[in-house]
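Please keep the structure open beside them while reading.

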Amino acid sequence: MLPICIVFLASFISHATSHSWLACTDYTEKNGGTWNPNFCRGFPRNAEIKAPRDGTFGLDTGYDYSPNEAQACGQSKGAGAYTQRHPMAIYYPGQQVVLVHPMKNHGADIACGTIWMPDSGSWLYRGEINNNGPDPTLSRFREKLVFDLGRSPSGLDFGGDASLSSVYPKPGYGNAPRFCDNTDKAMATYSFNVPRNLRPGVYTFLWIWAFNGMGNIYSSCFEVNVARNKAHRNSLLRANGITDYSEP
């Protein structure tokens, strides 16, 4: 058994050498499989430099970040964090929002890998409204949960039927219908509903993904301008030159 275990471990490590980040914070297609920059209306911090809309989707540029208590966000929210072509997201209370990230080889799909690739969960947290000061610490962010994005099944979750690992859509991180086309750069999406009691204003959101347990987490930070209602959201998008008001 020992040689088999060693081979499996080596294979697992070779598939897990890079980690993920958010690429879009307001995408208009739910459960999609192919990145289309025209579907993205909001971006995380410094996307124009680290993950430009017209660049190679999922390209490693050092955008992945493993947070610590003192620094939850890997990118600064200072000047230049957003641009005209990479604006911050605009939501309204109750809106269903789609987030996008690259898979970076971390999918459990028997058709092109292993069913044992772990996903320990994903969450969205937020800071205080209209906070112009430093980012909260990791523990302060975690005091304000926006949404539990769930986890993808792996291993024993499939109940002995490995073919179920190739069925999409999935909950959690591994919702990438075209994962096997390019396991590194495949596009995956989450969706969540903006809390209806979220007051209008600008918030910093923190996305956390736990890969192999809570000691192995990755984060992306992004600002969100929460509008009063859908009509107000549309007017703010229009001011940014965006005329696609569709929702998934």
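1. β7 and β8 make a hairpin, and 6 residues lie between the two strands. Gly213 sits in the turn and has a positive phi of about 100°. The two strands run antiparallel and are joined by 10 bridges. One place to look at this pairing is Tyr203, which stands opposite Val224 in β8. β7 covers residues 201-210, and β8 covers residues 217-226. Note that this is a predicted model.

2. On its other pairing, β7 meets β4, which spans residues 122-126. These strands also run antiparallel, with 5 bridges between them. Two facing pairs can be picked out by eye: Ser122 is opposite Trp209 of β7, and Tyr125 is opposite Leu206 of β7.

3. Is β7 largely enclosed or largely open to the outside? Of its 10 residues, 9 are buried, so β7 is largely enclosed by the rest of the structure. Buried here means a relative accessible area under 20%.

4. β3 and β6 are joined by 7 bridges. In this pair, His101 has Ala188 of β6 as its bridge partner.

5. The loop between β3 and β4 deserves a separate look. Asn105 lies in this loop, and its phi is near 70°, a positive value in a residue other than glycine. Most residues other than glycine have a negative phi. Asn105 counts as buried because its relative accessibility is 15%, which is under the 20% cut-off.

6. His106 is in the loop between β3 (96-102) and β4 too. Its relative accessibility is 2%, so His106 counts as buried. A polar atom of the His106 side chain lies 2.9 Å from the backbone oxygen of Lys104.

7. A positive phi also turns up at Asn31, where the value is near 60°. This residue is in the loop between β1 and α2. Is Asn31 buried or partly exposed? With a relative accessibility of 32%, Asn31 counts as partly exposed.

8. Most peptide bonds are trans. The bond that joins Tyr168 and Pro169 is cis, with omega about 0°. Pro169 is located in the loop between β5 and β6.

9. Leu59 is found in the loop between α2 (47-50) and β2. Its relative accessible area is 42%, so Leu59 is partly exposed. Leu59 and Leu156 are 97 residues apart in sequence, and their C-alpha atoms are 31 Å apart in space.

10. What is the volume of the largest pocket? The value is about 220 Å³. Its lining consists of 13 residues, and those nearest the centre are Cys40, Arg53, Asn240, Gly241 and Ile242. By type, the lining divides into 4 nonpolar, 5 polar and 4 charged residues.

11. How many cavities of 30 Å³ or more does the structure hold? There are 3. The largest cavity has about 80 Å³ of space. Residues that line the largest cavity include Leu22, Pro44, Arg45, Tyr63 and Tyr65. Gly74 and Gln75 also line the largest cavity, as do Ser219, Ser220 and Cys221. This lining is made up of 5 nonpolar, 4 polar and 1 charged residues.

Key: Residues are numbered from 1 along each chain as its sequence is written. Side-chain values use heavy atoms; hydrogens and water are left out. Two strands pair if DSSP finds at least two bridges between them. Helices (H or I, at least four residues) and strands (E, at least two) are DSSP runs, numbered from the N terminus. On a 1 Å grid over the protein atoms alone, a cavity is a set of points where a 1.4 Å probe fits but cannot get out, and a pocket is an open set with protein on both sides within 12 Å along at least five of seven lines; lining residues have an atom within 4 Å of a point. Grid points are joined across faces, edges and corners, and a volume is the space filled by probe spheres set on the points. Ala, Val, Leu, Ile, Met, Phe, Trp, Tyr, Cys and Pro count as nonpolar, Asp, Glu, Lys and Arg as charged, and the others, Gly among them, as polar. Buried means under 20% relative accessible area, exposed over 50%, partly exposed in between (1.4 Å probe, protein chains only). A polar contact is a pair of N or O atoms within 3.5 Å; within protein, one must be able to donate a hydrogen and the other to accept it, and residues adjacent in sequence count only if both atoms are side-chain atoms.
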